[in-house]
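Dear colleague,

I am passing on the structure we spoke about, and below it you will find notes on what turned up when I went through it. Please keep it open beside the text as you read.

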Amino acid sequence: MKKLVIFASHIPSDREIHIGEDILKKIKNYLGEDVDIFAGVNPSPSLDKWLTVLKKYTDNIEVTPSELVINSDASAYQSALRLYNNNINDYDLVWFLHTQGTQSKNDKARERHLDTLLYNQ
């Protein structure tokens, strides 16, 4: 079964990089090492460090041009969806995830949502 995660990410500072990496680890843990991840990234002061982490999990990364960024996950989703649109693979299952919790700092809610959404897939 071919699986894909459309991942919208925004890491506002170095302090939140662990949140993004935790999400990526959970994706691979729950969905398998062979899951494809298309990552759209909204730029931030931590962009270079975040890209280094992302590249450990996927080569399918697009940084949203600064002039197209709005204050939401929509910009990063559009970048990730552009990668999907240019891909020739068919997928049986697709998840839409984002770096939930980088602004709210609600780690328990993020954990609960990810575990519920990704568990037993």
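Which residues of H2 are buried? Before the reply, please bear in mind that this is a predicted model. In helix H2, which spans residues 47-54, the buried residues are Leu47, Trp50, Leu51, Val53 and Leu54. They take up an arc of only 160 degrees around the axis, which means that they sit on the same side of H2. The face turned away from the buried side of H2 carries the exposed residues Asp48 and Thr52, while the buried residues pack against S1, H1, S2 and S3.

The sheet behind these contacts is an open one, made of 4 strands in the order S3-S2-S1-S4 with parallel pairing. Strand S3 (61-63) and strand S4 (93-98) are at the edges and have a single partner strand each, so one side of each lacks a neighbour in the sheet. From one strand to the next, the twist averages 15 degrees.

Helix H1 (residues 17-31) packs on this sheet, where it touches strand S1 (3-9), S2 and S4, and its direction makes about 170 degrees with that of S1. Helix H2, for its part, lies across S1, S2 and S3 and runs at about 175 degrees to S2.

Strand S2 (residues 36-41) deserves a paragraph of its own. Of its 6 residues, 6 are buried, and S2 is therefore largely enclosed by the rest of the structure. In a regular strand the side chains alternate between the two faces of the sheet, and here Asp36, Phe38 and Gly40 point one way from S2, whereas Ile37, Ala39 and Val41 point the other way. On one side S2 is joined to S1, parallel to it, by 6 bridges, and phenylalanine 38 in S2 is the bridge partner of isoleucine 6. S2 is also joined to S3 by 3 bridges, again in parallel; valine 41 stands opposite valine 63 in S3, and glycine 40 stands opposite glutamate 62 in S3.

As for how the chain connects these elements, the crossover from S2 through H2 to S3 is a right-handed β-α-β crossover, and S1, H1 and S2 likewise make a right-handed β-α-β unit.

With best wishes

Notes
Residues are numbered from 1 along each chain as its sequence is written. This is a predicted model: local features need pLDDT of at least 70, side-chain atom pairs count only at pLDDT 80 or more; totals for chains, interfaces and linings use all residues. Side-chain values use heavy atoms; hydrogens and water are left out. Two strands pair if DSSP finds at least two bridges between them. Helices (H or I, at least four residues) and strands (E, at least two) are DSSP runs, numbered from the N terminus. Axes are lines fitted to C-alpha atoms, for helices over the stretch in contact, and angles run from 0 to 180 degrees between N-to-C directions. Contact means heavy atoms within 4.5 Å. Buried means under 20% relative accessible area, exposed over 50%, partly exposed in between (1.4 Å probe, protein chains only). The arc is that of the directions from the helix axis to the C-beta atoms. A crossover is right-handed if, with the strands pointing away from the viewer, the path from the first strand over the helix to the second runs clockwise.
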